[in-house]
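Visitor: Before we begin, could you take me through this structure slowly, setting each value against the rule that gives it its name?

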Amino acid sequence: MNFRILLLLTVVFSGCSKSKSLAQCTTNSTTTINPAKYWNFNAPESWGKSKDGKGSFAAAKSVKIGKNGNNAYLSLEETDDALTVKNEKELSWNNNILVYEFRFRFNENYNPLLISLPNAGINIDYSGIQFNVSYNNATSTKGTKAKMTVDFNGTDRKSFSYYTDRQFHHFVAMANFNTHDMEVWIDGQLIEKREDIIPADATPPALSEGEVLLSVHNKASVHPTRRFLGDLDDITVYTQNVPKTLIYKHYLSVKNNEAEWDFTDNYNASCIPPDVQVSGTLNPMDFAPKNLSKENGVTEQLKTFPFPRFKPGHSLLRNALFIDLEAISEPNAGLAVSLNQPGYSTKKQNASFVQLQLAQNWNYYLSIPSIPVVDKAETYTRFCDTNTVSGKFLLNAKLNPGLPVSTTIFQKQNFAKQSQKVALTPVCGEGGYYVCEGSNPIGKRYSFSPLAPNDAFTEDGISYKNTLMKIKPFLNRPIDLFICNGEMVAGIATPPTDTDPDGSGGIMEKDSRILADYKKWTPSGYAKNWHTYDTEKRMKRYTVVFRDAFLKAPDALSANIVSPSSKFTQYQIGGDWGNYRMHYPIARQLMTPFNGTYYATENFYPFYPKYWNEFSAGSINSIGRMRKSLETTLSAGDKFYSPFIDPYAYTSPVWEETGAKTSNQINEGGYSPAQWLGLLKYLSVTGAEFYYNFYYRQCPDKGIGCREHGNEYAWMTTTPSYVQGIVSRYEDVFRNGNIMEGNHPSGNGKYPADYKYTFHAKDERILVGVRKYGSKYVISGNINPISNIVNNAPMEGVAEINLEGETLIFNVRRQGSVYIYDKSVNPAVFYQLDEWHEATHPYYWSKNFRFASALFDNAGGDISIKTEQLLTNGGTTDTRNALSYIVLPANTKAEYHFQPNLNGSSRYNVKIKARSKSGSGTLQILVDNQSKGTASINNSNWQTVTISQKITGLSLNQNHILAVMTQNTGIEIAEIILEAE
């Protein structure tokens with residue numbers, strides 16, 4: 001499962017103000033619902049035994065009694081211990097009904113509650129509630145479980161955000177073996193019911209003497225990441241139905257902090273308010289408008305999105321497309337359009353526009369289509385004809401020599417693997433290509449042997465070179481970046497572990513020739529194990545001969561289709577974990593360095609929002625795995641990387657033609673633009689300099705790899721550029737600094753290193769990373785939902801971190817908030833780099849330009865940045881109301897570059913938030929060195945003034961320079977706004 005975090009349950013009771021008091025709602029009923037077991041902790045002599053006097057708690061040094069007014073509760077702290085209650089006599093069930101009830105809350109670490117009760121297990125964590133009950137029937141033995149999961153993918157009680165007030169909450173879980181149903185209630189309300197989940201002939205098994213009645217895990221030595229840290233009270237087990245009225249009465253008891261349960265069922269049902277809505281809807285502002293044309297929707301979006309505002313002179317490497325560029329540019333909802341069909345001209349024009357737009361304005365390579373590793377006549381026909389999309393792409397590259405070119409390589413052997421065909425004769429023994437057991441090839445789809453000859457891979461490289469040579473006249477320039485898919489040599493062996501220092505050779509150990517070769521093999525410069533052997537003798541050897549057959553071929557170099565500066569990178573070369581990642585220190589050498597350093601190519605495919613922080617198996621690569629990969633790449637000396645990214649990998653877009661969801665995944669369907677933007681900002685702070693944008697769709701009824709709904713994917717091409725635009729504002733810290741290890745408690749995730757490189761923010765929805773250079777920090781924080789449903793998580797939150805002994809408090813948003821905290825100056829300054837980023841789909845972002853004054857684009861001369869209202873109290877700094885501004889010397893320009901898009905405005909009003917220390921002064925505005933009016937400052941307090949003239953007649957899609965200057969001293973400026981007309 002995902003990101004195991006302890007829930008901190010919150011009372012948010014809608015309707016409390018309308019509800020009557022307990023006294024007003026009490027009836028004359030004397031019906032009592034007697035529990036089978038009940039533990040409360042209000043008297044010293046009672047906490048060690050259940051109320052019936054049977055079952056005592058084991059000694060537990062981490063257990064103490066907490067007090068909240070008159071109510072005492074059981075408190076478990078962060079120690080290596082466990083709370084256990086054993087049965088002292090056989091316990092049987094009279095009515096085939098099991099009900100479990102308790103109140104609980106969690107400390108700020110949010111560790112999961114994992115509690116075992118008679119015949120049941122209950123787990124509550126960041127993602128939801130897991131409730132299971134054991135049963136017996138004719139086909140099972142004791143211990144078979146019926147399992148119910150309640151995802152926190154809605155609102156109110158079905159969202160993690162409901163549970164963050166650090167108050168006690170009321171929990172009830174029911175299993176009815178007569179009706180075969182299971183239910184979960186939170187704070188007096190049924191939030192989920194599953195019918196017919198228990199087999200019809202199932203019965204609850206009896207508990208024998210000595211079996212565990214109650215267990216709350218807190219023992220790090222047993223399972224260090226699953227121990228409960230928090231408070232429990234009024235733990236109750238029933239063997240009869242518990243009516244809604246008593247459930248609600250006990251909820252009020254929790255809400256009013258009453259000392260213990262009253263089991264008299266005398267609450268009036270008419271006093272129970274209506275249920276609060278726990279389901280939700282999608283936000284249409286997360287998606288492109290539905291009225292965009294299918295033919296031109298992608299281009300219309302790229303003409304509308306605000307540009308990323310790179311700082312002039314930045315040196316950030318370009319992003320690359322690992323994407324079917326034609327697919328997101330196609331008319332007719334992405335359906336393939338052939339050369340002779342109506343609409344083809346539109347397709348070609350749109351694809352050409354997207355290709356050039358991304359390269360010219362969004363810091364991308366000029367992407368050309370994948371050139372097959374196959375020497376076929378139709379390849380040359382397609383590329384040499386400028387009436388085809390491929391031909392048009394090559395012509396654009398030929399006509400724009402100043403824009404570097406990238407392409408993706410899919411080796412012939414890859415195609416053989418992916419189509420499940422065997423490209424090579426399956427010969428075993430001397431000269432054979434496959435891992436063999438005796439005379440039979442073994443492994444999924446056959447696995448290439450580390451002893452196989454090089455010829456097939458060399459031939460692939462030569463074939464690819466021949467194709468490049470034949471399309472050379474239509475490109476007439478070298479390709480700058482080759483992106484190799486590379487999955488053909490995915491690992492067979494697994495990395496070593498503490499218990500298995502040699503690792504596993506898997507099927508290779510079954511091949512006698514390979515086993516003999518491994519035993520006599522001596523590595524150079526690294527440990528000997530199956531993982532390094534597999535990387536060195538299989539992946540490295542085959543990739544190098546393929547790569548060098550075209551990248552270093554003399555005829556290809558002399559023909560200028562490749563050059564000595566051409567780069568070669570390969571998919572999924574990252575950290576050492578699992579059997580799909582090769583040994584990084586060896587594998588990195590397959591790629592070409594950038595600026596003298598290797599860039600790991602881990603993939604970031606977190607699937608659904610609930611997996612955003614997961615370290616999971618399979619294809620789900622989320623923040624947890626990125627951090628794990630960093631451990632390896634940083635230890636190898638590589639502090640920058642370039643991940644493959646996709647917010648919709650293997651999922652469907654959530655906004656279909658009807659505006660509804662596909663299948664039953666109403667809360668899934670990939671990431672919203674805002675959350676994706678926030679997550680990528682964190683990756684950049686950890687060292688991600690550029691990105692390979694992937695486009696791998698799974699559409700309804702068409703499976704994986706479909707080419708539809710291009711309109712819904714335009715935004716994902718621009719998100720990395722928005723992130724890079726922010727990085728360009730802290731490039732000194734990015735280049736010269738390092739990611740800080742952080743101080744998140746290691747006991748929260750599935751794996752001990754899950755939270756390395758993050759800072760505990762006292763809210764597990766918040767992801768915080770910090771990069772440091774000297775005494776200057778770049779801080780990235782965002783708040784994450786686990787569902788796209790509106791109100792599953794707030795759009796903004798407050799992070800509180802321990803930054804090298806200082807408590808730092810700051811605001812974070814879903815789309816990310818990136819700050820500079822510069823303590824190299826006195827007093828320190830704190831200012832935001834991305835305040836202008838919005839939380840909607842970028843199509844809806846404002847056409848106004850808002851410039852935080854501290855983000856001026858010129859060298860600045862004597863311009864200084866200051867921050868006021870940076871509240872410091874002892875070791876705590878609260879930045880939430882801080883205001884940063886510049887002090888503008890007389891006759892000095894503060895310049896701000898801006899570029900209206902093609903669907904933007906050419907007319908603006910100029911407003912400036914400023915003040916004068918002397919109480920008066922004049923500001924002058926210039927645009928492209930032409931005066932555009934003045935405004936008078938007549939106050940020593942902050943005021944917003946409007947420049948006397950409008951800016952008109954601006955060229956669209958062109959860079960312009962807005963300059964602010966004054967002849968006065970003591971002028972301070974906080975913000976400049978260009979308000980579009």
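Guide: What follows is a set of questions and answers about the structure shown above.

Guide: This is a predicted model, in which local features need pLDDT of at least 70 and side-chain atom pairs count only at pLDDT 80 or more, while totals for chains, interfaces and linings use all residues. Residues are numbered from 1 along each chain as its sequence is written, and side-chain values use heavy atoms, with hydrogens and water left out.

Visitor: How many helices and strands are there in the chain?

Guide: The chain has 16 helices and 45 strands, where helices (H or I, at least four residues) and strands (E, at least two) are DSSP runs, numbered from the N terminus. Of the 981 residues of the chain, 60% count as buried, a word that stands for under 20% relative accessible area, with exposed meaning over 50% and partly exposed in between (1.4 Å probe, protein chains only).

Visitor: What makes strand 16 and strand 21 the edges of their sheet?

Guide: The open sheet consists of 4 strands in the order 16-17-20-21, with parallel pairing. Strand 16 (366–367) and strand 21 (567–570) each have a single partner strand, so one side of each is left without a neighbour in the sheet. Two strands pair if DSSP finds at least two bridges between them; strand 20 (residues 481–484) and strand 21 run parallel and are joined by 4 bridges, so they meet that rule. Within this pairing, F482 has F568 in strand 21 as its bridge partner.

Visitor: Which strands does helix 10 touch where it packs on the sheet?

Guide: Helix 10 (residues 530–551) touches strand 17 (405–409), strand 20 and strand 21, and contact here means heavy atoms within 4.5 Å. The direction of helix 10 makes about 150° with that of strand 21, on a scale where angles run from 0 to 180 degrees between N-to-C directions, the axes being lines fitted to C-alpha atoms, for helices over the stretch in contact.

Visitor: Why is the pair of F550 and F568 called tilted?

Guide: Rings of Phe, Tyr and Trp (its six-membered ring) pair if their centres lie within 6.5 Å, and planes under 30 degrees apart count as stacked, over 60 as edge-to-face and the rest as tilted. The centres of the F550 and F568 rings are 6.5 Å apart and their planes stand at 55°, so the pair is tilted. This pair links distant parts of the chain, with F550 in helix 10 and F568 in strand 21, 18 residues apart, and both F550 and F568 are buried. The structure holds 64 aromatic pairs.

Visitor: What makes the pair of F898 and Y908 edge-to-face?

Guide: For F898 and Y908 the ring centres are 6.4 Å apart and the planes are at 80°, so the pair is edge-to-face. F898 belongs to strand 39 (residues 894–898) and Y908 to strand 40 (residues 908–916), so the pair ties together parts that are 10 residues apart in sequence. F898 counts as buried because its relative accessibility is 2%, and Y908 is buried because its relative accessible area is 0%.

Visitor: How do you know that R105 lies over the face of Y73?

Guide: A charge sits over a ring if NZ of Lys or CZ of Arg is within 6 Å of the ring centre and within 35 degrees of the ring normal. R105 lies over the face of Y73 at 5.0 Å from the ring centre, and the charged end of R771 sits over the ring of F734, 5.1 Å from its centre.

Visitor: Why is S390 called buried, and what joins the side chains of S390 and R382?

Guide: S390, placed in helix 6 (residues 389–399), is buried because its relative accessible area is 3%. The side chains of S390 and R382 are joined by a polar contact of 2.8 Å; such a contact is a pair of N or O atoms within 3.5 Å, where within protein one must be able to donate a hydrogen and the other to accept it, and residues adjacent in sequence count only if both atoms are side-chain atoms.

Visitor: Why is strand 29 described as largely enclosed?

Guide: In strand 29 (residues 776–783), 8 of the 8 residues are buried, so the strand is largely enclosed by the rest of the structure. K776, V778, S780 and N782 point one way, while Y777, I779, G781 and I783 point the other way. Strand 28 (residues 766–773) is joined to strand 29 by 8 bridges, running antiparallel, and strand 29 is joined to strand 32 (residues 817–822) by 6 bridges, also antiparallel.
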